[in-house]
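Take a look at the chain below. This short report walks through its overall build, its strands and a few of its residues.

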Amino acid sequence: MSPFRDNLFAGKSAFIAGGTSGINLGIAIRLAELGAKVTVCGRDEDKARRAAATIGNGALGLSADVRDYEIVRSAMVQAHDTHGALDIVISGAAGNFLAPALAMSANAFATVVDIDLNGTFNVFRGSHDLLNTPGASLIAITAGQAVNAMALQSHACAAKAGINQLVRVLALEWGPDVRVNGISPGPIADTEGMKRLAPDPATRAAHEARIAMKRWGTARDVAESAVFLCSDAAAYVTGTILDCDGGSQVGDASRLDMSRGLA
Ligand code: NAP
Ligand code: COA
């Protein structure tokens with residue numbers, strides 16, 4: 001049972017970069033269920049159209065690459081002109097693959113930084129004069145890589161760490177009219193991200209054992225965190241990163257297994 005009332009976001013306009021699949025699509029669906037008029041964008045036009053049909057409530061699905069400021073800006077202008085000044089902007093587009101730094105070309109590293117970090121700057125910077133203020137809420141989708149060094153993830157660690165700091169700086173510069181926060185999901189089931197990061201059952205089981213909540217999250221879990229951050233319940237919350245990760249960042253719960261057999 002969700003604690004949020006059905007029409008919480010009636011009359012609100014939301015733009016979700018990277019909202020055409022996975023976690024971000026889950027957020028888009030939830031915002032629309034609560035009454036928001038939603039626009040999603042990704043690179044693939046057909047996928048964006050299909051996502052909009054799934055989201056419903058008059059959702060708009062646009063093709064735009066967040067690496068190109070003018071293109072993503074024009075998608076946000078279209079969202080603004082169709083659904084009204086933006087109350088909610090979510091920057092969730094990302095790219096990732098497992099590779100040691102020595103197996104990455106300069107372009108491989110730059111590609112991930114460009115999508116995740118520069119893309120988030122482009123989306124937030126490009127949205128600013130399209131926002132409905134005061135009260136607009138911006139959310140970056142970051143990850144545990146921002147604060148935990150992980151082998152095979154130099155590009156994602158660098159990019160997501162940059163996003164966390166960008167969130168904090170924009171919160172300082174754009175308050176009090178705009179709140180800027182991040183959500184750091186843990187491993188979320190049935191996503192492209194986890195297909196890439198935990199491709200086999202043994203890795204998946206090891207991930208699960210380490211988590212306090214003993215399960216992977218769902219896109220809906222993350223969506224409810226986004227709903228909270230966009231709602232008046234979070235009116236005094238800005239510049240923070242909300243870990244929606246079942247306790248993943250707290251530590252390693254699998255160490256408990258070592259206590260079996262201890263007095
Ligand atoms: P996903 O399904 O692959 O979603 C990525 C989205 O971004 C898609 O809509 C994709 O559409 C779009 N995209 C990719 N490159 C783009 C670009 N250059 N310009 C515009 N859109 C672009 O991934 P996911 O696993 O759900 O991850 C979503 C977010 O959650 C990411 O920020 C990820 O870092 C974060 N996260 C995920 C997990 C997890 O467990 N999956 C954990 C922690 C954090 P197109 O391919 O059509 O462009
Ligand atoms: N190991 C090492 N290098 C890799 C790699 C891998 N597994 N996958 C891609 N690269 C390199 C490419 O070789 C290329 O470098 P080069 O030009 O020096 O050869 C560079 O990365 C860019 O690859 P390209 O395929 O041209 O980029 P793209 O912009 O078309 O796609 C990616 C971006 C690579 C991030 C792609 O995986 C993607 O589109 N991801 C989106 C979905 C996703 O990752 N979801 C999970 C989100 S957490």
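How many bridges join β4 to strand β5, and which way do the two strands run? Four bridges join β4 to β5, and the two run parallel. Keep that pairing in mind; the report returns to it below.

## The whole chain

This is a predicted model. The chain holds eight helices and seven strands. Its C-alpha atoms fill a box of roughly 65 × 45 × 35 Å along the principal axes. A compact globule of 263 residues would have a radius of gyration near 18 Å, and the chain agrees, with 18 Å.

Of the 263 residues, 48% are buried. Take the contacts between residues at least 6 apart in sequence: 71% of these join residues at least 24 apart. The chain exposes about 12500 Å², and carbon and sulfur atoms supply 55% of that area. There are 23 positive and 26 negative side chains. The centres of these two sets lie 4 Å apart.

## Strands side by side

Start with strand β1, residues 13-17. Five of its five residues are buried, so β1 is largely enclosed by the rest of the structure. Both faces are covered. S13, F15 and A17 sit on one side, and A14 and I16 sit on the other.

β1 pairs with strand β2, residues 37-42, through five bridges. The two run parallel. In this pair, A17 stands opposite C41 of β2. β1 is also joined to β4 by four bridges, again in parallel. Here A14 stands opposite I88 of β4.

Now move to β4 itself, residues 88-91. I88 and I90 point one way, while V89 and S91 point the other way. All of them are buried. On to β5, residues 136-141, which runs parallel to β4. The bridge partner of S91 in β5 is A140.

## A buried residue and an exposed one

Is I23 buried or exposed? I23 counts as buried, because its relative accessibility is 17% and the cut-off for buried is under 20%. I23 belongs to helix α1, residues 22-33. Leaving out residues up to four places away in sequence, I23 touches P185, I188, T191, A219 and V222. A223 is 200 residues from I23 along the chain, yet their C-alpha atoms are separated by 7.6 Å.

D190 makes a contrast. This residue is exposed, with a relative accessible area of 77%. D190 lies in the loop between β6 (178-185) and α6 (192-197). D190 and A108 are 82 residues apart along the chain, and their C-alpha atoms are separated by 25 Å.

Most residues other than glycine have a negative phi, and most peptide bonds are trans. Some places in this chain depart from that. D190 is not a glycine, yet its phi is positive, at about 60 degrees. K214 is another non-glycine residue with a positive phi, near 55 degrees. K214 lies in the loop between α7 (201-210) and α8 (219-230). With a relative accessible area of 42%, K214 is partly exposed.

P134 is found in the loop between α4 (106-127) and β5. G175 and P176 are also joined by a cis peptide bond, with omega about 0 degrees. P176 has its place in the loop between α5 (154-174) and β6.

Key:
Residues numbered from 1 in each chain as written. Chains lettered and ligands numbered in written order. Predicted model: local features only at pLDDT ≥ 70, side-chain atom pairs only at ≥ 80, totals over all residues. Heavy atoms only, no water. Rg over C-alpha atoms; globule rule 2.2 N^0.38 Å. Buried < 20%, exposed > 50% of the residue type's maximum accessible area, 1.4 Å probe, protein only. Contact = heavy atoms within 4.5 Å. Areas by Shrake-Rupley, 256 points an atom, 1.4 Å probe, with all protein chains shown as cover. Lys, Arg positive; Asp, Glu negative; His and termini not counted. Charge placed at Lys NZ, Arg CZ, Asp CG, Glu CD. Pairing = 2+ DSSP bridges.
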